[in-house]
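Subject: Handing over a structure

Hi there,

I am passing a structure on to you, and I hope you enjoy looking through it. Please open it first, then read the notes below it.

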Amino acid sequence: MSLRIVVCVKYVPDATGDRHFAEDLTVDRDDVDGLLSELDEYAVEQALQIADEADEAEITVLTIGPEDAKDALRKALSMGADKAVHVEDDDLHGTDAVGTSLVLAKAVEHIGYDLIVCGMASTDGGMGVLPAMLAERLGLPQVTLLSEVSVEDGKVTGRRDGDAASEQLEAALPAVVSVTDQSGEARYPSFKGIMAAKKKPVESLDLSDLGIEADEVGLEGAWTAVDEATERPARTAGTVVTDEGEGAKQLAEFLAGQKFI
Amino acid sequence: MAEVLVYVDHVDGAVRKPTLELLTLARRIGEPVAVHLGPGAEQAAAVLGEHGAVKVLTADAPEFAEYLVAPKVDALQAAYEAVSPAAVLVPSSAEGKEIAARLAIRIGGGIITDAVDLEAGAEGPVATQSVFAASFTTKSRVSKGTPVITVKPNSAAPEAAPAAGTVEQLAVTIGEKSKGTKVVSRTPRESTGRPELTEAAIVVSGGRGVGGAENFPVIEALADSLGAAVGASRAAVDAGWYPHTHQVGQTGKSVSPQLYIAAGISGAIQHRAGMQTSKTIVAINKDAEAPIFELVDYGVVGDLFDVVPQLTEEIKTRKG
Ligand SMILES: Cc1cc2nc3c(=O)[nH]c(=O)nc-3n(C[C@H](O)[C@H](O)[C@H](O)COP(=O)(O)OP(=O)(O)OC[C@H]3O[C@@H](n4cnc5c(N)ncnc54)[C@H](O)[C@@H]3O)c2cc1C
Ligand SMILES: Nc1ncnc2c1ncn2[C@@H]1O[C@H](COP(=O)(O)O)[C@@H](O)[C@H]1O
């Protein structure tokens with residue numbers, strides 16, 4: 001039996017660009033360059049490694065996002081995933097975490113899965129909550145924030161490096177996994193991979209395909225409301241001195257003035 | 001007055017500071033009721049009561065340690081059902097966010113993560129968040145269902161506000177579904193004896209400029225002279241010079257101390273994401289063009305191997 005892996009990936013505004021909000025206080029995704037969230041590349045990488053170890057496996061990459069989010073899917077396909085599913089619907093604009101988890105849950109059910117792999121957090125919203133929400137909605141074991149993961153004999157095992165302890169975890173499939181950026185560098189797509197990705201199937205789904213009503217998602221359906229977004233005033237330029245032997249003394253003077261010493 | 005549930009982060013009954021901050025914020029919205037899971041409730045209750053908890057709901061079960069996250073959600077849900085709170089506040093740790101996330105789904109509430117401030121509003125609690133690597137500040141609220149809000153450490157100064165802190169046993173049934181992820185083994189981290197990174201008033205971090213694991217004692221010595229925690233950039237962590245648990249930034253810890261000192265760190269956007277809300281920022285870097293200098297209150301362009309040890313000595317002398 002083929003191991004069905006679904007990798008959830010997000011298309012995010014480039015963090016090194018000028019990220020901002022649109023007029024309705026949603027993240028502006030039209031006006032800024034986007035890309036496959038770097039943290040989800042780790043998820044794709046681990047899925048590829050798990051698939052390599054399995055007798056037979058199929059990796060589907062899944063994203064919820066605007067038209068441009070296809071770029072994120074193409075990148076994942078060029079890294080080696082087999083097929084892609086794109087959930088796109090105008091009514092999804094402004095969906096929050098709770099709504100996104102509903103759509104992801106319906107979409108993975110539509111695809112069929114043994115293992116769901118997520119990144120540790122998205123680089124824009126950065127909540128790091130969706131994998132746990134997905135596990136909750138699907139009634140699956142949550143094996144999250146792994147810096148090491150493997151799948152064998154219908155079981156997923158992994159290491160979670162927490163603040164207080166490092167834990168070895170184990171769960172039976174099907175399960176939801178998330179991996180951290182400590183799990184191992186993601187591969188670069190090869191030229192061959194990029195060419196092959198162009199021919200790989202990308203299925204598009206809208207809300208009605210998933211049996212979701214428009215009022216369950218989107219800005220109107222959201223469980224949270226952003227009332228205000230203000231640009232943080234640039235930090236007022238501080239004092240910068242060049243060390244010519246006195247740098248440490250000058251700094252100590254500053255720290256003393258601020259009552260730190 | 002409406003009750004507000006506060007999930008307690010503790011080590012065997014020793015309550016961690018962020019929980020006391022949560023109690024302080026909770027009092028702005030209603031009456032704090034603490035939820036303490038695991039051992040040590042009596043010990044914790046004294047501190048929790050002192051900081052405003054009218055009640056401490058407690059449960060202890062081996063499942064909390066034997067399985068990941070989900071059993072704790074069962075318990076928090078039981079507390080939610082017992083109290084019908086106006087909001088649920090959880091410390092913004094990795095585990096705290098996961099607990100909050102699952103609770104929100106179960107109770108049909110909305111979730112806000114990583115709040116840095118909280119106030120009462122006409123339509124429920126209003127949370128301040130710092131987004132896009134702290135380049136924006138937003139104010140949000142939960143518009144459907146009970147608000148579940150995770151709050152970052154150092155978001156408020158804990159205030160004493162003596163209340164009863166009466167311990168009450170919470171009846172919890174841990175569902176079969178919550179036993180899906182087994183914790184096969186657990187290796188506790190050794191304590192460094194230094195303050196907890198996210199809770200520390202002062203953080204001293206080293207980056208690639210430190211040049212090697214063997215040089216990190218230079219950073220540690222400065223930290224110790226100030227009673228500070230030690231942080232590191234991802235470059236230093238990836239090079240294996242310092243443990244990942246000390247990484248500051250987007251995929252490490254997010255810190256908000258009174259004073260942040262960056263030595264040999266360039267100030268990439270992902271590093272900024274974890275330290276930009278620090279009150280006072282100081283950098284030591286030999287490259288005058290390093291972006292970190294755009295953020296500083298005080299910067300020294302110089303070699304950290306000259307400046308840092310001299311500074312450490314100077315501080316020691318001044319402190320006598
Ligand atoms: C998805 C993603 C997540 C990331 N998450 C994080 C994160 O959580 N935290 C993080 O820190 N980074 C993170 N990064 C990496 C980040 O982009 C930078 O690569 C990293 O912060 C650089 O670390 P650095 O400043 O120590 O090294 P560099 O950028 O190499 O800077 C070293 C600095 O040290 C200075 N220097 C060298 N020698 C000396 C000396 N003797 N004295 C004084 N100064 C000296 C140099 O002038 C230079 O400015 C992330 C990146 C990505 C893509
Ligand atoms: N719009 C989305 N489409 C697909 N997967 C997503 C989406 N948003 C988040 N995810 C997944 O959930 C993880 C955590 O996201 P977050 O909770 O938003 O920080 C990401 O690393 C992705 O794997």
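Before you start, residues are numbered from 1 along each chain as its sequence is written, and chains are lettered from A and ligands numbered from 1 in the order in which they are written. This is a predicted model, where local features need pLDDT of at least 70, side-chain atom pairs count only at pLDDT 80 or more, and totals for chains, interfaces and linings use all residues; side-chain values use heavy atoms, with hydrogens and water left out.

Ligand 1

Ligand 1 lies between chains A and B. Around it are 27 residues (a residue counts if one of its heavy atoms lies within 4 Å), and the closest include B:Arg208 and B:Gln270. Ligand 1 has polar contacts, meaning pairs of N or O atoms within 3.5 Å. Polar side-chain atoms of B:Arg208 lie 2.5 Å from an oxygen atom of the ligand, while for B:Gln247 the distance is 2.8 Å. The backbone of B:Gly264 also takes part, with a polar atom 3.0 Å from a ligand oxygen. On its own, ligand 1 exposes 980 Å², of which the protein buries 83% (Shrake-Rupley method, 1.4 Å probe). By class, its shell has seven nonpolar, 14 polar and six charged residues (Ala, Val, Leu, Ile, Met, Phe, Trp, Tyr, Cys and Pro are nonpolar, Asp, Glu, Lys and Arg charged, and the others, Gly among them, polar).

Ligand 2

For ligand 2, 18 residues make up the surroundings, and A:Cys8, A:Asp40 and A:Ser122 are among the closest. Oxygen atoms of ligand 2 meet polar backbone atoms of A:Gly128 at 2.7 Å and of A:Gly119 at 3.0 Å. A backbone N or O atom of A:Val129 lies 2.9 Å from a ligand oxygen.

Aromatic pairs

Over all chains, the structure holds five aromatic pairs (ring centres of Phe, Tyr or Trp, its six-membered ring, within 6.5 Å; planes under 30 degrees apart are stacked, over 60 edge-to-face and the rest tilted). One of them joins A:Phe21 and B:Phe136 edge-to-face, 5.3 Å centre to centre with 75° between the planes. This pair crosses between chains.

Happy exploring!

Terms used
A polar contact is a pair of N or O atoms within 3.5 Å; within protein, one must be able to donate a hydrogen and the other to accept it, and residues adjacent in sequence count only if both atoms are side-chain atoms. Helices (H or I, at least four residues) and strands (E, at least two) are DSSP runs, numbered from the N terminus.
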